[in-house]
Amino acid sequence: MEKAMTEYEIEAVVREVTDEEVAFYSEYGWVMMKQLVAPEFATELLHVGKEWRQRREKEGKSFAGLALDETAEPFRSFMFSRRMAKNATRLVNRKRFKGVDIPLRYRIDMVLLKLPGAAGSTYHQDASEHGSDRVGELQFWLALAEVTAEMSAMRFVNRSHREGPLGSVFNDDKGDLLEQYPMLTTELGVSPPFHYQPGDCTVHHGYTVHGGPKNTTEKPRWSYLFSYTPDDTRYWNGNNGNWGSERKRMGDADNPIVSLHETDKT
Ligand SMILES: O=C(O)CCC(=O)C(=O)O
C-alpha cells in the first residue's frame, strides 16, 4: 500500500492551471492541460489503479471510489489536494457571479479501461444525465498512459456548455445528442482529435456535449476520471449518479400538444 502524500509532495508533481487554460475552458467548455501531472506520477497512478481494479473485480465491487479508499493512495492525496481543489475552483469560477468562490465536493472518480475494439462513448452532457440543478460540476480526464485519437480519445462540442441542457440520452430511445441534433457539430465545431501523453489531462464542463469513437487499436486505453461539484448543487434525491436520465416525457392528458397544423386537431 502506498502512503499518503504531503501537499508539498503533490505540488512537486501536479502543476497549477494557467490563466490561459481557465479562459479557454470558460469559452469552449473544455481544455487540454498538457502535463498537468508529471508523467512518472501518472505511471504510479496507473500501477495502483490497475491493482485496485483487479481487487475490486474479484470482490464484485464497482470501479468507482479510489479517492475515498485510503488503500488506493496516492489517489486520495491527489484528488483531495489543495492544488487540485484550487485548480478546480478556478475553472468553476463561481466567484464571477457570487463575489466569492464556493467549496467543491467530491462527486466521483474511477480508473477507466477501454480494451482494444471497445465501443465509443455516447455523445451526452454529464450534468443532464446527473440531473444537477445548476452549472458547476466538471470532469477531469487524465491519461495514465499514452492515448492516441484512435484509442477512443474523447471529442468535445465547442461552446456547447452555453446551450444549457439539451436532454439526457441514457435510458432514452431517441439516440444520442449528435443524432438528436444533427447540425450541432457543424454549427458549433468540435475539439481536434487528441493525442494524450501520460500526465496530459482534459477537463470538461458539465453541460459540454462529448463522446468518442471506438478504440480501433490493439492497445488498451487507461485513464483516470475524477469529478467535483459545487457544494450548493442539488441533485435528484441527493444522488449525483445518472438519475437525471430517469426523467419522463409528458403525456397528452395533462399536457396536450399545441399544434402547428390544422389537420392535427381532432
Ligand atoms: O472515457 C470516455 O470515453 C468517456 C468518459 C465520459 O463520458 C466523461 O468523462 O464524462
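The model is a predicted one, so local features need pLDDT of at least 70, side-chain atom pairs count only at pLDDT 80 or more, and totals for chains, interfaces and linings use all residues. Residues are numbered from 1 along each chain as its sequence is written.

An open sheet is built from 5 strands in the order β1-β6-β4-β8-β2, with antiparallel pairing. Its edges are β1 (30–33) and β2 (104–114), each of which pairs on one side only. Neighbouring strands in the sheet are turned by 15° against each other on average, direction ignored. Here strands (E, at least two residues) and helices (H or I, at least four residues) are DSSP runs numbered from the N terminus, and two strands pair if DSSP finds at least two bridges between them. Axes are lines fitted to C-alpha atoms, for helices over the stretch in contact, and angles run from 0 to 180 degrees between N-to-C directions. Within the sheet, β4 (residues 138–143) and β6 (residues 201–205) run antiparallel and are joined by 5 bridges; Gln-139 stands opposite His-204 in β6.

Two helices sit against these strands. Helix α2 (residues 19–28) lies across β1 and β6, at about 150° to β1. Helix α3 (residues 39–59) packs on the sheet too, touching β2, β4 and β8 (221–230), and its direction makes about 80° with that of β2. Contact means that the C-beta atoms of two residues, placed from the backbone, lie within 7 Å.

Gln-139 turns up again around the ligand, along with Leu-112, Ser-121, Asp-126, Trp-141, Ser-152, Met-154, Gly-212 and Leu-225. A residue is near a molecule if its C-beta atom, placed from the backbone, lies within 6 Å of it.

Most residues other than glycine have a negative phi, and most peptide bonds are trans. The peptide bond from Glu-73 to Pro-74 is cis, with omega near 15°, and Pro-74 lies in the loop between α3 and α4 (75–79). Asn-171, in the loop between β5 (155–156) and α8 (177–180), has a positive phi of about 60°. Asn-171 counts as exposed because it has 11 C-beta neighbours inside 10 Å; the cut-offs, using C-beta atoms placed from the backbone, are 20 or more others within 10 Å for buried, 12 or fewer for exposed, and partly exposed in between. Asn-237, in the segment after β8, has a positive phi near 55° and is exposed, with 9 other C-beta atoms within 10 Å.
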